[in-house]
Amino acid sequence: MTRWLPIAVLAVWAGAALVGPLLPLEPSRVTLDALLQGPSPGLWLGGDELGRPVLDRLVAGARVSFFVAVSVVVLSGITGTLLGATAAYLGGRVDSTLGRIVDVFLAFPGILLAIALSALLGPGVFNLVVALSLVGWVGYARLARAQVLSIRQRDHVLAAEALGAGRARIVFRHLIPLAVAPLLVEATFGVAAVIVAEAGLSFLGLGAQPPTASWGSMIREGSRYMLVAPHLVIAPGMAILLVVLAVNLTGDRLQDRFGRRTGRAGS
Amino acid sequence: MDFLVRRLFSALVTVVGVATLVFFLIHLIPGDPVDRILGDSARPADREALRTALGLDAPVSVQFGDFLSGLARLDLGDSIVSGRPVASLIAQHLPATLQLAAAALAIALLVAVPLGVIAARRRGTRLDSLAMGFSLLGVSIPNFWLGPMLILVFSLWLGWTPVSGREGLASLVLPALTLGTSLAAVLARMVRSSLLEVLEEDFMRTARAKGLDENTVVWRHGLRNALLPVVTLVGLQLGALLGGAVITETVFAWPGIGLLLVDAIQARDYPVVQGCVLTISTTYVLVNLGTDLIYGVIDPRIELTEST
């Protein structure tokens with residue numbers, strides 16, 4: 001039973017994101033009667049400070065969070081893996097240059113660099129994806145580099161080299177496939193990190209702009225009415241917490257299956 | 001000694017790299033930064049004045065040189081909004097952030113060490129899964145939600161603590177709790193797994209064979225060794241702590257460098273934004289340098305060689 005709970009939560013999240021636009025939702029409909037109204041049978045999660053239905057906005061927010069999470073993890077995961085794997089395989093100056101760049105990026109607390117970048121790029125969902133990807137690739141690059149360093153002297157790689165395979169072929173066909181498992185674990189935890197980062201930046205006003213609903217901006221706007229309408233903050237927060245918990249549980253499970261994660265902590 | 005010199009040098013290189021990136025951030029702004037700051041309706045004279053004030057009329061290489069030589073004198077330029085030197089604004093706000101971070105770290109350690117030790121000693125029991133469940137919850141709960149929830153319960157409903165601001169010790173409790181929770185969760189996991197590894201070691205069996213009671217064995221012999229990797233993790237996690245401080249300070253209107261940064265972003269006060277980002281990152285680099293050096297002192301078994 002508990003095995004399927006995280007998967008169910010993630011399915012609802014993805015489902016809301018993908019099917020949401022087809023549903024008869026009105027996340028921006030202003031109803032003065034529903035102003036700051038608590039949950040009721042007709043309005044399951046109540047209304048916000050403009051009387052907009054909180055449930056509809058929650059579903060709309062799932063879409064933002066899902067697409068930002070998927071785009072950022074795919075973009076930064078692929079870029080980071082390619083850079084890290086290539087640098088480790090080529091070695092020498094390419095590798096040490098990448099190492100220096102990675103060190104500089106790692107010297108920023110991740111969320112801080114994301115805040116600075118999205119502040120300078122200007123608010124908006126697209127810029128948010130750019131900022132979070134620019135911050136996110138470093139982790140994958142580091143992990144892919146470490147993985148490739150440990151496998152590049154294996155017999156099958158040497159054999160491919162002896163057979164005259166090109167560098168690109170070796171990196172894509174013989175190195176990256178063997179490094180995929182830990183990268184997948186990293187990417188799973190990456191999804192959780194991006195969900196929180198997106199909501200956090202939107203909370204600071206740097207993400208999705210009104211009237212687009214995002215879980216983070218819902219918390220930002222709702223926290224002004226906390227005494228009269230706590231549901232405005234509780235509902236989106238619970239949504240974030242449930243999805244992030246589900247992702248982290250899934251990550252833990254993948255990690256148990258694939259063995260220990262080698263990223264993050266360490267020198 | 002050789003290690004010390006190399007480690008200091010590598011930290012210096014990183015700080016210079018960080019400064020370079022921070023400098024070029026302002027040039028990442030799409031279009032003209034002057035337009036972004038003043039808007040479209042500004043008079044040409046104002047534009048030119050701001051352009052000169054920001055030094056944007058000089059070639060980039062000259063600007064970069066000025067920026068670096070300013071840094072060497074701890075001169076970070078002046079705020080566009082208030083006209084005050086950025087360095088003095090930061091000096092004024094930094095103590096509040098350091099106080100908050102220290103309090104959060106203290107809370108995290110006070111929670112994480114006992115929790116991790118209990119979980120490791122009662123491995124596989126319900127107590128263990130309860131502790132690790134709490135840890136998973138702590139890692140997953142975002143601080144911009146935990147903060148408002150704590151305010152709701154302890155400030156609005158119970159009336160025990162102030163809603164926001166920095167007046168007296170009571171106002172520190174909720175922000176420190178908000179900031180410290182995820183660190184406590186991460187550290188508890190680390191203490192548990194690290195202690196579990198140490199408990200298997202031969203010297204633990206020896207300590208037991210000497211007839212020491214289990215508490216002395218675990219706390220004196222086990223934990224002292226188990227905490228070594230935890231020290232490294234604390235250093236690395238302080239980055240997340242400093243980053244999280246930006247959001248936590250915004251939630252509680254805590255007058256630290258994070259709030260200064262967020263206010264500066266809203267006012268498009270780019271010199272202040274640059275100064276804050278640079279200060280927080282440099283602090284993080286220095287903390288990690290400190291952790292590495294401490295690590296060398298407390299664990300003589302480790303041969304300190306240059307890490308990549």
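Tutor: Let's begin with L74(B), which sits in the loop between helix 4 (60-72) and helix 5 of chain B. Helices here are DSSP runs of H or I with at least four residues, strands are runs of E with at least two, and both are numbered from the N terminus. This is a predicted model, where local features need pLDDT of at least 70 and side-chain atom pairs count only at pLDDT 80 or more, while totals for chains, interfaces and linings use all residues. Residues are numbered from 1 along each chain as its sequence is written, and chains are lettered from A and ligands numbered from 1 in the order in which they are written.

L74(B) is not a glycine, yet its phi is positive, at about 60 degrees. It counts as exposed because it has 11 C-beta neighbours inside 10 Å. A residue is called exposed if 12 or fewer other C-beta atoms, placed from the backbone, lie within 10 Å of its own, buried if there are 20 or more, and partly exposed in between.

R268(B) is another residue to look at in this way: it is not a glycine either, and its phi is near 55 degrees, a positive value. You will find R268(B) in the loop between helix 11 (257-266) and helix 12 (270-298) of chain B. R268(B) has 18 C-beta neighbours inside 10 Å and so counts as partly exposed.

Helix 8 of chain B is largely enclosed by the rest of the structure, because 23 of its 30 residues are buried.

Next comes a pair of helices. Two packed helices are described by the angle between their axes and the distance between the axes. In chain B, the axes of helix 9 (residues 202-209) and helix 10 (residues 214-252) come within 10 Å and cross at roughly 145 degrees. Axes are lines fitted to C-alpha atoms, for helices over the stretch in contact, and angles run from 0 to 180 degrees between N-to-C directions. Where these two helices of chain B meet, helix 9 contributes F203(B), M204(B), A207(B) and R208(B), and helix 10 contributes V217(B), H221(B) and G222(B). Two residues are in contact if their C-beta atoms, placed from the backbone, lie within 7 Å. By type, the residues of this contact are four nonpolar, two polar and one charged. Here Ala, Val, Leu, Ile, Met, Phe, Trp, Tyr, Cys and Pro count as nonpolar, Asp, Glu, Lys and Arg as charged, and the others, Gly among them, as polar.

Stepping back, chain B has twelve helices and zero strands. Its C-alpha atoms fill a box of roughly 85 × 60 × 30 Å along the principal axes, and 38% of its 308 residues are buried.

Chain A has nine helices and zero strands, and 50% of its 267 residues are buried. The contact between the chains takes 34 residues from chain A and 42 residues from chain B. On the side of chain A that touches chain B, helix 3 (92-106), helix 4 (110-121), helix 7 (167-203) and helix 9 (231-258) of chain A each supply at least two residues. The largest share, eight residues, comes from helix 4 of chain A. That side of chain A divides into 25 nonpolar, seven polar and two charged residues.

G200(A) is buried, with 26 other C-beta atoms within 10 Å. Leaving aside neighbours within four places in sequence, G200(A) is in contact with I111(A), G216(A), P142(B), F144(B) and I247(B).
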